[in-house]
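Visitor: I have a model open and want to go through it piece by piece. Can you take my questions as they come?
Guide: Go ahead.

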Amino acid sequence: MGDVPAIPEPTRDSITWRLILHAEKNWPQLAKVQVTCRGSFAYATGVLPGGEKIPLFRLRYGGSAHSFGFAIYTAGRYEDALLLTGQPTGTPQEALDTACTVHLADLGHEPEN
């Protein structure tokens, strides 16, 4: 198995801004989204208006700035999962929509349409 590439800085910046802007437009239940990158992974955490932080999902970089592997945070760990599109890979925005639909519904929030 070959080395997995680290996420390049321009791609890290792009992921962060894409998620922030998408959350502002589509997920007003979140006060903000925080993104942390380590190696070939980007981790997204949602921050609720009261300051509570909720781990949402992890993206896995495979060399493309447009399609990432998706793992949702559940039961204290990240589990590979399908996006709402039915695919195991997709855009950061699709990952955010999938994770927020799951996590915010659990908290009694309804997704914005």
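Visitor: Asp80 first: does it count as buried or exposed?
Guide: This is a predicted model, and in it Asp80 counts as exposed, at 55% relative accessibility. The cut-off for exposed is over 50%.

Visitor: What does the side chain of Asp80 meet in a salt bridge with Arg58, in terms of N to O distance?
Guide: The Asp80 and Arg58 side chains meet at 3.7 Å, N to O. Asp80 lies in strand S5 (residues 77–80) and Arg58 in strand S3, so this pair ties together parts that are 22 residues apart in sequence.

Visitor: And Arg58, buried or exposed?
Guide: Arg58 is buried, with a relative accessible area of 15%. The limit for buried is under 20%.

Visitor: What about Arg60 and Asp80, what is the N to O figure there?
Guide: Their side chains form a salt bridge at 3.5 Å. Here too the pair links distant parts of the chain, with Arg60 in strand S3 and Asp80 in strand S5, 20 residues apart. Arg60 is partly exposed, at a relative accessible area of 33%.

Visitor: Which residues make up the network, then?
Guide: Salt bridges link Arg58, Arg60 and Asp80 in a network.

Visitor: How many salt bridges come out of the count?
Guide: Three. One of them joins the side chains of Glu79 and Arg77, at 2.4 Å from N to O. Glu79 is partly exposed, with a relative accessible area of 28%.

Visitor: Change of topic. How many residues are in the largest nonpolar core?
Guide: It has 24 residues, and Phe57 and Leu96 have the most contacts inside it. Two or more residues each come from helix H1 (9–26), strand S2 (41–47), strand S3 (53–60), strand S4 (68–74) and helix H2 (92–106).

Visitor: Which element gives the most?
Guide: H2, with five residues. As background, nonpolar side chains tend to be buried together in soluble globular proteins.

Visitor: Now His22. Where does it lie, and what is its side chain doing?
Guide: His22 lies in helix H1. Its side chain makes a polar contact with the side chain of Asp97, at 2.8 Å. His22 is buried, with a relative accessible area of 16%.

Visitor: What else is His22 in contact with, leaving aside neighbours within four places in sequence?
Guide: On that basis, His22 is in contact with Trp27, Gln93, Leu96 and Asp97.

Visitor: On to the strands. How many bridges join S1 to S2, and which way do they run?
Guide: Seven bridges join strand S1 (residues 32–38) to S2, and the two run antiparallel. As an example, Lys32 has Val47 in S2 as its bridge partner.

Visitor: What is between S1 and S2?
Guide: Two residues, and the strands form a hairpin. Gly39, in the turn, has a positive phi of about 60 degrees.

Visitor: Which residue has a positive phi although it is not a glycine?
Guide: Ala75 does, with a phi of about 55 degrees. Ala75 sits in the loop between S4 and S5 and counts as exposed, at 78% relative accessibility.

Visitor: And Pro49, where does that lie?
Guide: Pro49 lies in the loop between S2 and S3. Its relative accessible area is 65%, and Pro49 is exposed. Leaving aside neighbours within four places in sequence, Pro49 is in contact with Gln29 and Ala31.

Visitor: What separates Pro49 from Tyr78?
Guide: Their C-alpha atoms are separated by 24 Å, and the two residues are 29 residues apart along the chain.

Visitor: Last one. What does the chain average in pLDDT?
Guide: The average is 91, and 91% of the residues score at least 70. Over residues 109–113 the pLDDT is below 50, and this stretch has nine contacts in the model beyond near neighbours in sequence.

Visitor: Which element has the highest confidence, and which the lowest?
Guide: Confidence is highest in S2, at 98, and lowest in H2, at a mean of 91.

Terms used
Residues numbered from 1 in each chain as written. Predicted model: local features only at pLDDT ≥ 70, side-chain atom pairs only at ≥ 80, totals over all residues. Heavy atoms only, no water. Core = buried A, V, L, I, M, F, W, Y, C linked by side-chain atoms within 4.5 Å. Buried < 20%, exposed > 50% of the residue type's maximum accessible area, 1.4 Å probe, protein only. Helix = DSSP H or I, 4+ residues; strand = E, 2+ residues; numbered from the N terminus. Pairing = 2+ DSSP bridges. Salt bridge = Lys/Arg side-chain N within 4 Å of Asp/Glu carboxyl O. pLDDT = per-residue confidence, 0-100. Contact = heavy atoms within 4.5 Å. Polar contact = N/O pair within 3.5 Å; in protein donor to acceptor, adjacent residues only side chain to side chain.
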